[in-house]
Amino acid sequence: MLGRTLRRLTESSQERVRREAGEEHERLHPGEAVVAIDACQPGEQVTVAGKVQALEIRPEGSAPALEVSLEDGSGIVYVVWLGRRRIPGIYEGRSVVVHGRLNCVTDHPTIYNPRYELLPE
């Protein structure tokens, strides 16, 4: 009990978001655990939670793409929705849980077109 209380007092805001999101997500989706970004392996189906650090709309050839950088305190993953210019409810500072396959074909880990859940503010 004391260890858990001490850990909660010393955790960063991103670690708190990941912990709380993980608890809520596991309650709603038993068996689908939220993992730290730095613990994810390329090619895996992963579920990560974090805060949106930046949003960028970029053209991918002729189709738009919404790119979001998501941080959980352990690392950053890029989340890309192809064919989307915006997604209602996703903005800088918003806490989100995403689930999809982690790709590392570029310089940074990326999840394309993931399933997502907006966390309460």
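Val52, Val68, Leu70, Val79, Trp81, Ile90, Val96 and Val98 line the largest cavity. Here a cavity is a set of points, on a 1 Å grid over the protein atoms alone, where a 1.4 Å probe fits but cannot get out, and lining residues have an atom within 4 Å of a point. The model is a predicted one, so local features need pLDDT of at least 70 and side-chain atom pairs count only at pLDDT 80 or more, whereas totals for chains, interfaces and linings use all residues. Residues are numbered from 1 along each chain as its sequence is written, and side-chain values use heavy atoms, with hydrogens and water left out.

Back to that cavity: about 30 Å³ of space lies in it, a volume being the space filled by probe spheres set on grid points that are joined across faces, edges and corners. Strands β2, β3 and β4 each supply at least two residues of the cavity lining.

As for the overall layout, the chain has 2 helices and 6 strands, taken as DSSP runs (H or I, at least four residues, for helices; E, at least two, for strands) and numbered from the N terminus. From that end, the elements run α-α-β-β-β-β-β-β. Buried residues make up 38% of the 121 residues in the chain, where buried means under 20% relative accessible area, exposed over 50% and partly exposed in between (1.4 Å probe, protein chains only). Among contacts (heavy atoms within 4.5 Å) with a separation of 6 or more, residues 24 or more positions apart account for 50%.

The largest nonpolar core has 17 residues, and Val48, Leu70 and Val77 touch the most other members. A nonpolar core is a set of buried Ala, Val, Leu, Ile, Met, Phe, Trp, Tyr and Cys residues joined through side-chain atoms within 4.5 Å. At least two residues of this core come from each of β1 (45–60), β2 (63–71), β3 (76–82) and β4 (95–103). Leucine 70, one of the cavity-lining residues, touches Ile37, Val48, Gly50, Lys51, Val52, Gly75, Ile76, Val77, Val79, Val96 and Val98, leaving aside residues up to four places away in sequence.

A pocket is an open set of grid points with protein on both sides within 12 Å along at least five of seven lines. About 200 Å³ of space lies in the largest pocket. Helix α2 (residues 13–28) gives the most to the lining, with 5 residues. By class, the lining has 5 nonpolar, 2 polar and 6 charged residues.

On the charged side, the whole structure holds 2 salt bridges, each a side-chain nitrogen of Lys or Arg within 4 Å of a carboxyl oxygen of Asp or Glu. In one, glutamate 32 pairs with arginine 115, with the closest N and O atoms 2.6 Å apart. Glutamate 32 sits in the loop between α2 and β1 and arginine 115 in strand β6 (residues 115–118), so the pair ties together parts that are 83 residues apart in sequence. Glutamate 32 is buried, at 19% relative accessible area, while arginine 115 is partly exposed at 40%. The salt bridge between glutamate 67 and arginine 58 has its closest N and O atoms 2.8 Å apart. Here glutamate 67 is buried at 13%, and arginine 58 is buried at 19%.

A few details remain. Asparagine 113, in the loop between β5 (110–112) and β6, has a phi near 45°, a positive value in a residue other than glycine; this asparagine is partly exposed at 43% relative accessibility. In helix α2, glutamate 23 is partly exposed at 43%, and its C-alpha atom is separated by 8.6 Å from that of alanine 33, 10 residues apart along the chain.

Conventions. Nonpolar A, V, L, I, M, F, W, Y, C, P; charged D, E, K, R; others polar.
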